[in-house]
Amino acid sequence: MTRPTRLSPGALSSALRGGTGTVAVLLTLIFLVIAVQNPSFFEGPPLMAFAKKAAPLVVLALGQYLVIVSGEFDLSVGSLVGAQVVIAARLIDGDEASTLPVIGLMLLFGLVVGLVNGLITTVLRVPSIITTLGTMLILFGAVRYWTGGAPTGALSEGFRVFGRHGLDGVPVIGQLPWALVIAAVLTVGAVLLMRSPYGRSLMATGDNDTAAAFSGVRVRRVRTLAFVGSSLAATVAAILIGGFAGVTAQVGQGLEFTAITAVVLGGVVLGGGRGSVIAAVLGALTVEALFTLFNQLYLPSTIQPAAQGLIIIAAVAYASRRGDRRPPRHARRRPVHPNDRPLDPSRR
Amino acid sequence: MTPSPSPLRDLLDRAGTTGAVYAALAGVLVIGSLFVAFQGSHLFTAANTVDLFTRGSLLGFLAIGQTLVILCRSLDLSVGYVAALSTMVSAIVMAGDPSRIVLGIGATLGLAALIGLVNGLVVTRLRVNPFITTLGTGLLIKGYLDTRFQGPAGSIPAEFQTFGLSRIGVLPVSTLVMLALAVLAILFLRRTRMGFHMYAVGGDSEVARLSGIRPEIPVITAHVLCSMTAGIAGLLLASRFGTGNTLVYNNGYELEAIAAVVLGGTYLLGGRGGVAGTMAGVFILATLDTVFNTLSVDPFVKDVLRGAIVIAAVAVYARGRHGRTSVRPRFTSGGAPPAPPPPPPPTATPSARGGDR
C-alpha cells in the first residue's frame, strides 16, 4: 500500500485529470468497438439517435454531480422521474393547451422536492442517503396512490417534442434533437456554474464543510441549492424520457443508481469535493454507450447488469490506483487539526 | 430485551443513543396499538405478534451484518442479491434430501463468505468506494441469477423448513436464532479485540492505523460477516418458500436494512452505534409493517408513511445526538480519565465511544 507523502494542489489536479482521462479512454474504447461492429454508427442519424437516448442520463448525471460534489447523495431522482412522468400524463391527459402550464407545474414540483430534500438534510441533519431514500419511498407510494396503481392519462404531442423531435434539415447529421440541445445547454450551464462563486463554495463544502463554514460559506444554503438543482435536472430528464419513451409504471426505476454510477465512473469521488462536470457527462455517455454496445453484440439483456457491475468496479479501481493515492475512508469531513502535523514524519 | 439498571450517569450518557431508540420502539408499539384499538381490533393478538416477530427475523439478520459494515465506515448494498443467490444455492444443493442439509448450509454460507471477502478486498485493496463495490457485486450477482435461472429452482427438505415455519409459543424459531446471533454480535463488538478495532477503524482509520491497527482487517472481516448474515437470511427465505427464488432481490432489502441500522442509532459515517440499537430499529420497522397490515392501509400509502416515519425518526434522533457531540468531543487529547466501563450484561447496549478505550 503506497502512502501519500504529501498532498499538494498539483497532485490534486493531476488526480482530477486522471479521473477524467480514464473515463475518456474508456469511452473512446467502447466507441471504437461499436464502430468496428457497426461502421455506420457515426454517420449522423444513428449517432443522433444515440444522443437522443443518452441525453436524459446526461441531464440526471449533471444534477447528481452537484449533489455528490457537495458530499451528499440523491437517491430520489429515479422515483422523481417516474412521479413527474405520471403527473404529466395525468394532468395533460392529451390536451395540447395544458402542455406548458403542466411543464411549469412539474418544474415547481421538482423545486419543492429538492427544497424538502435539501432542508431535511441540512437543517434537520438527517444523512442524505436516508432523506432521499425516504422521499423515494414517499414519491413512489404517493404517485401510485394518486393514480390508483397504474398511470392514467396521456401526454400531448407538444410535450413529446422535447424528447422525440428535433431541428430538421441540418447538414450531415440530418436532425438535431432538442434533447441533445437541452443536454448541451445544461452541460455548459453546469460548467459555468462550477466556475462561479457558487460552484467554488459547493466544491469547498464537499471537500470539508467545517473549513468551508469557517471561510464564510453558507453551507446549508449551498447544499440545499445542490439538491434543488438535482431535482430540477430530474424534472428535465422526466420531460425528455416521457417524450422519448412514453408513460409506463416502471419509468425511472433504478435510474438513481445508473446516475450515480455515471457520475462516479467519471471520477467524481463519493464524499465530495472533487471531480469535474465534463467527467460526469463523459461517465453518463460511457454508461449509455455500454448499453448500446451490449445491444449490438446481441448479449442477452439479463447479462447487462453483470457486465455493468464488473466494469464499474474495474474502472473505479483503475482510477483510484492512478489518481487518488489517499485512503478512501480518510475522514474528509473533519478539518485537519493543526496538531496533526507532527504526525507527518511518521507517515513517510 | 429490557435495558438493565445501570448507574445514573451511565444512563444519562446513553440517553441520546440506544435508550432513545428503545423509547421510540415503545412509543411506536403504544401508538400503533392505540390506532389498532381505535379501529376496534387488537394489536397484540397471537397472529399479529407472530407476524411482527417473523418480519423482524428476516430484516434482523440482514441488519446485524449491515451494522458491522456501517460501523467500519463502509456500506453493503449487495445483501439483497446475496440473499437471493443464497436461496438458490441452498435449495439446489439440498435438493430435497434431508441428509444434505448440512452440506447446503455450508455451501451457502461459504459462498456468501467468499462474496464478502471479495467485497472487503475490493474496498480495502483496490480502494474502490464501498457504495460502488457492493452495487457492482450486487449487479454481478443479479446478472448471473437472471441469465442462469428463469424461475424457482431446487427444493428444501421438510426438515429444514422447520427453521422458517415452526415456532415456540408466539416466538418463531428464526426470531430466536436471530436474537441469539444479535447477542453474539453484541458480545463480539464489546468483548473482542476485533470488535474494538471495528469501532476504531470506523471512527478514523488513519488514527487507528497510527495506533497500530491494520485498518484493512476489520473492514474485510465486517464484509465477510455481513455477507454471511445475508446468506443466513437467504437460508431463512428458502426454508419459508421451500424452494430457491431469484426474485428475492426485488424486495429492496438492502435499503431497508440500512434504514433499520440508521434508525437504531448507528452513525452512517462509522465508529458509533451498535447491534442493540439496530435490533430496536428492526422491530420499529416490523411493528410499522404489522400495524399497517392490521389497519389494512393501502400498500402505496404504506410506502409514503414508512418513508416519512424513517426521515422523521432519524431527524429527531440526529437532533439529540448533535447536541451531545457538540458538547463532548470524541477523541479528547487530555482531561478527565475515561470512566470505568459499566458491568455489561450480554443484552446491554454497547457503548459506541472510542474515547472509552
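**Chatting about a predicted two-chain model**

Me: Is A:Ala88 buried or exposed?
Reply: A:Ala88 is buried, because 28 other C-beta atoms lie within 10 Å. Buried takes 20 or more other C-beta atoms within 10 Å, exposed means 12 or fewer, and partly exposed is in between, with C-beta atoms placed from the backbone.

Me: What kind of model is this, and how's the numbering done?
Reply: It's a predicted model, where local features need pLDDT of at least 70 and side-chain atom pairs count only at pLDDT 80 or more, while totals for chains, interfaces and linings use all residues. Residues are numbered from 1 along each chain as its sequence is written, with chains lettered from A and ligands numbered from 1 in the order in which they are written.

Me: Back to A:Ala88: which helix is that in?
Reply: Helix 3 of chain A, residues 77-92. Helices are DSSP runs (H or I, at least four residues), numbered from the N terminus.

Me: And what is A:Ala88 in contact with?
Reply: Leaving aside neighbours within four places in sequence, A:Val102, A:Met106, A:Leu155, A:Phe159 and A:Gly242. Contact means C-beta atoms, placed from the backbone, within 7 Å.

Me: New topic: how do the axes of helix 3 and helix 11 of chain B cross?
Reply: They come within 7 Å and cross at roughly 125 degrees. Helix 3 of chain B brings B:Val79, B:Gly80 and B:Ala83 to the contact, and helix 11 of chain B brings B:Tyr253, B:Glu254 and B:Ala257.

Me: How many residues of chain B touch chain A?
Reply: 43 residues of chain B are in contact with 42 of chain A. Helix 5 (130-148) and helix 13 (299-327) of chain B are among the elements giving two or more residues to that side of chain B.

Conventions. Contact = placed C-beta atoms within 7 Å. Axes fitted to C-alpha atoms, helices over the stretch in contact; angles between N-to-C directions.
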